[in-house]
Amino acid sequence: MARFTQVPQNFLFRKLLEYWGNMVRNYGESCRDDDFFAVANINFDHDQAVELIQVAYTANELEEMKNEKARYARLDFSDTLDDVLQVLWNHEDSRDKCREVLEAMREYMLADTWKGTDIMESRFAELKRVLKLDDLEAEILTFAYVHDQTCFCWPCRVEDRDKPLYYAMALDRSYAEVAKAMSAQGTLLKFGLLDDDYDFNRRTLGGFMDGTSDETIARRFYRKLETGTALPWEFFGDLAAKDGEVLKRMVAASGGKCNILLYGAPGTGKSSFALSLAKELGRTAYEVKQGDDDGKNMKSEARMMGIQVCNSQEDPKDCMMVVDEADELLRGSSCGFSLFGFDFGGGKSTEKGVMNSILDEMKLPAVWISNAPAEAMDESVRRRFDYSIRFERLNGVQRVAIWRNQVAKHGLEELITEEKAEEYAAKYETSAGGISTVLANVKRMAPEPDKVDELVATLMKPHCQLMGLKNGNGFLPAKDYSLDGLNIKGKVKLENVVRAARNYLDADFGSGDADKPRMNILLFGPPGTGKTEFVKYLGKALDRKVVVLKGSDLLSKWVGESEQNIAKAFRQAEAEHAILFFDEVSSSSRWRTSTA
């Protein structure tokens, strides 16, 4: 019997012997690396190997090889076993006898392995089942792992482009079928199971195969979201009442299959809305992971695999998938372009056909979240969404709700009253993430009640500077402001303008009245004559927030964006029941105007 110097793990060792035996039978060239015989050198007894060699070869053949002048071709049984076997192999005339010796050694080693199933074999079976690999794909992936983990070495230097050929030899399969399975269009490369060098991708599957993670293979790709932390459904106001109701009916009518796109500026509540939607629908939410356990971002290929794994594993009757930060997945595969001052070209993009197939084959209701504008996505991808919602920057009403929610979440009600939350919401135009971060730090630092304002201001100032946000509510009239100090030419007195504006706000026109009148005020005249101060006064007198936009905020060099900016301004003011003030718009018209 063979006396092994090392006993490897059962499944890996059996597969190692299988692949090594296939390579021995199928490889016909000289061996340029003695590590190819490391399998025997590590696991087979040297003296027994010499006995097998002496039986297979004639005395004359052995004597001739012992007398070779070149050291690399000279047979010397005192050398290590891998060197001995390399000399035998490279004597081409007697290579078939070397194959017989190697096969005999392999049979001895194989006979002493345990025939049962071990945990490694079970893991590969789960990989095949969950990832829906066919027999050849599963075998290629198994070989890649064996090559990565054991002493299997190529008999010569193998370039990456030639690896499919050598894989075919080790698997005893045709080159054509192996090359097809290992192509860029195949599952193994497309979803990152093999890396770009055709090697086993440890970044995608390493923790699962090594046993360093107790997660199932499915949980390597996606995780369950806790909906207990979701914002109340009513927080989303019109979004919940209008779009939310449509989504409820759509998901119910589709039996689960439904692709929903949430897109728009970052920090506008898209992820929070998705979580609240899942809770409102009574569904378990699963998020496709963006990074691995080491915090590294996953490639798009691995995320696409995660989408398909989740889609195949979870029940469409009571689950929902969330694909956050989906910009790269949804981006078109064209050369790229600039839009609205942002560069959406030059980065990686998902193969359009692959993404279209994924969207078409979805069984679960899926919410896709992107910070990119719609134009950055390929048109064929966009039209596959059943419903889409564009998110714009948070308005004042939403920020108040977020401040109150986050204050309660961090247990700061005794330090920050509802009135204070409203004040902060008006003062700092930040996102939900920024509010949460600042309040988390306030909680850690535990200030005295009279120091809370100062600490919030200290924390908010650099955050707003970093994010390019407005910081501070400076749009208030001067303390000594008086209408009497204004030099107004015209028949209408400013007191009457204020009174008319108040009457307009108090009137009940009905929210759905298409003929509801508008109130627009034009203020014009030389700089420094009090136009802006009057609008500040008007906001204070009417107890209304004033949304201020300058001409530079509206104008854009991109076709159509100026009009979009104006429309967005009106939507924001309407949502906040605010006065909309266009200031310093001389660059876009003859007049400096204010519209309330």
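**Salt bridges, aromatic pairs and cores in a predicted model**

Glu423 and Lys420 are joined by a salt bridge in which the closest N and O atoms lie 3.5 Å apart. Glu423 and Lys420 are three residues apart in helix 20 (residues 418–427), so about one helical turn separates them. Glu423 has a relative accessible area of 38% and therefore counts as partly exposed. Lys420 is partly exposed as well, with a value of 24%.

Elsewhere, salt bridges with shared partners connect Arg25, Glu103, Arg106 and Glu107 into one network. Across the whole structure, a search finds 22 salt bridges. One of them joins Glu61 to Lys97, with 2.8 Å between the closest N and O atoms. Glu61 belongs to helix 4 (residues 59–66) and Lys97 to helix 6 (residues 95–111), so this bridge ties together parts of the chain that are 36 residues apart in sequence. Glu61 is partly exposed, at a relative accessible area of 25%, and Lys97 is partly exposed at 23%.

Glu245 counts as partly exposed, with 36% relative accessibility. Val246 is also found in this helix, which spans residues 238–254. With a relative accessible area of 30%, Val246 is partly exposed. Val246 and Tyr387 are 141 residues apart in sequence, yet their C-alpha atoms are 8.9 Å apart in space.

The protein chain contains 26 helices and 10 strands. It has 596 residues, and 47% of them count as buried. Among the contacts in the chain with a separation of 6 or more, 74% are made by residues 24 or more positions apart. The accessible surface of the chain comes to about 30800 Å², and carbon and sulfur atoms account for 48% of that surface.

The largest nonpolar core has 106 residues, and the members that touch the most other members are Trp20, Met105, Ile140 and Trp368. Helix 1 supplies the largest share of this core, with nine residues. A second, separate core has 45 residues, among them Ala230, Phe236, Ile389 and Phe391. What surrounds Trp20 in the model? When neighbours within four places in sequence are set aside, Trp20 is in contact with Phe36, Phe37, Val39, Ala40, Leu102, Arg106, Met109 and Phe152. One of these partners, Arg106, is also a member of the salt-bridge network with Arg25, Glu103 and Glu107.

Trp20 leads on to the aromatic residues. One aromatic cluster is formed by Tyr19, Trp20, Tyr27, Phe36, Phe37, Trp89, Phe143, Phe152, Trp154, Tyr166 and Tyr167. A pair of aromatic rings is described by two quantities, the distance of the centres and the angle of the planes. In this structure the count comes to 26 aromatic pairs, using centres within 6.5 Å as the rule. In one of them, the ring centres of Tyr27 and Tyr166 are 6.4 Å apart and the planes meet at 40 degrees, so the pair is tilted. This pair links distant parts of the chain, 139 residues apart: Tyr27 sits in the loop between helix 1 (10–26) and helix 2 (38–43), and Tyr166 sits in helix 9 (residues 163–171). Both Tyr27 and Tyr166 are buried.

Trp368 and Phe385 give another kind of geometry. Their ring centres are 6.4 Å apart and their planes are at 75 degrees, so this pair is edge-to-face.

Definitions and conventions:
Residues numbered from 1 in each chain as written. Predicted model: local features only at pLDDT ≥ 70, side-chain atom pairs only at ≥ 80, totals over all residues. Heavy atoms only, no water. Phe/Tyr/Trp six-rings, centres within 6.5 Å; stacked < 30°, edge-to-face > 60°. Helix = DSSP H or I, 4+ residues; strand = E, 2+ residues; numbered from the N terminus. Buried < 20%, exposed > 50% of the residue type's maximum accessible area, 1.4 Å probe, protein only. Contact = heavy atoms within 4.5 Å. Areas by Shrake-Rupley, 256 points an atom, 1.4 Å probe, with all protein chains shown as cover. Core = buried A, V, L, I, M, F, W, Y, C linked by side-chain atoms within 4.5 Å. Salt bridge = Lys/Arg side-chain N within 4 Å of Asp/Glu carboxyl O.
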